[in-house]
Amino acid sequence: MVKQEMMGIYKAPAAAASAPGADRARRPAGQAGGGSRAAARQPSAKRRPQSSPRAQEAGAGEPPPEPPLPPPPPAAPSASELDLGEQRERWETFQKRQRLSFEGAAKLLLDTYEYQGLVKHTGGCHCGAVRFEVWASADLHIFDCNCSICKKKQNRHFIVPASRFKLLKGAESITTYTFNTHKAQHTFCKRCGVQSFYSPRSNPGGFGIAPHCLDEGTVRSVVVEEFNGSDWEKAMKEHKTIKSMSKE
């Protein structure tokens, strides 16, 4: 009898497990999951990432607003917007004759005023990849140096301050050769090999311009001075003006 009761007690859970549908039918709809185990079997809802306090202030799930873009720079004024008075007609005629924008015409006049007695020379290499402009006298003083490299490449040049030289195009087409003290920067075009300008050892703060690489029409006269670069230190010590040619 005791054995049978024990067997009955042992079989009771199996009977209950054999009819899960009936058990769920007797339970309310809210308890159909069967507690925590049934809830674990059901597909869980996706958890939303917790946003930072700043994001919560800006709005749940929304990124903080981007800062406003800076205002565009003001457009350059035209001649009609300036009070040119009686000079308006002359100004507009000058722009048309020179085929310049308002800014270009102003730059030309300012350069002419600041570089009084000088002219604007333009030039470049053979293939046209490198182009520059330089303000210098129409009467050029040329140095003919006989140092090891200048003699090899016939490096006749005149010297100007860096502020009077402007590279118009071709920075990516230029390569540089140096040797010995590495103070002189021998720049030349990668494509055609022409050196139209360089930074000389005598004036590292300026540029040496090859007069034979200038465009025609702006050179009035040329004076050539021989410079004994083969004995460079002595020649520099004895020369009275070459050191100051790159100064304003």
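# A guided tour of the predicted model

Buried residues make up 27% of the 248 residues in the protein, where buried means under 20% relative accessible area, exposed over 50% and partly exposed in between, for a 1.4 Å probe and protein chains only. This is a predicted model, in which local features need pLDDT of at least 70 and side-chain atom pairs count only at pLDDT 80 or more, while totals for chains, interfaces and linings use all residues. Residues are numbered from 1 along each chain as its sequence is written, and side-chain values use heavy atoms, with hydrogens and water left out.

Start with the whole chain in cartoon view. The protein has 8 helices and 10 strands; these are DSSP runs numbered from the N terminus, helices being H or I with at least four residues and strands E with at least two. Of the contacts with a separation of 6 or more, 54% are between residues 24 or more positions apart. Contact means heavy atoms within 4.5 Å.

**Stop 1: α5 and α6**

Select residues 88-98, which form helix α5, and residues 102-114, which form helix α6. Their axes come within 10 Å and cross at roughly 95°. Axes here are lines fitted to C-alpha atoms, for helices over the stretch in contact, with angles running from 0 to 180 degrees between N-to-C directions. The two helices are therefore roughly perpendicular; that word covers 65 to 115 degrees, while under 35 counts as roughly parallel, over 145 as roughly antiparallel and the rest as oblique.

Now show side chains. From α5, W91, F94, Q95 and Q98 meet F102, A105, A106, L108 and L109 of α6. The residues of this contact divide into 7 nonpolar, 2 polar and no charged. Here Ala, Val, Leu, Ile, Met, Phe, Trp, Tyr, Cys and Pro count as nonpolar, Asp, Glu, Lys and Arg as charged, and the others, Gly among them, as polar.

Stay on α6 and select F102, A105 and D111, which are buried. The buried residues of α6 pack against α5 and against β2 (131-136).

**Stop 2: H186**

Go to strand β7 (residues 186-189) and select H186. H186 is buried, at a relative accessible area of 4%. Its side chain is joined to that of K153 by a polar contact of 2.7 Å. A polar contact is a pair of N or O atoms within 3.5 Å; within protein, one must be able to donate a hydrogen and the other to accept it, and residues adjacent in sequence count only if both atoms are side-chain atoms. Leaving aside neighbours within four places in sequence, H186 also has contacts that include I149, T175, Y177, Q195 and Y198.

**Stop 3: N155**

Next select N155, in the loop between α7 (148-153) and β4 (156-161). N155 is buried, with a relative accessible area of 4%. A polar contact of 3.3 Å links the side chains of N155 and Y198. Not counting residues up to four places away in sequence, N155 touches F143, C145, C150, Q195 and Y198.

**Stop 4**

Select I174 in strand β6. At 19% relative accessibility, I174 counts as buried. Beyond four places in sequence, I174 touches V130, L167, T187, F188, K190 and F197.

Finish at A171, in the loop between β5 (165-169) and β6 (174-177). A171 counts as exposed, at 52% relative accessibility. A171 and C189 are 18 residues apart in sequence and 9.2 Å apart in space, C-alpha to C-alpha.
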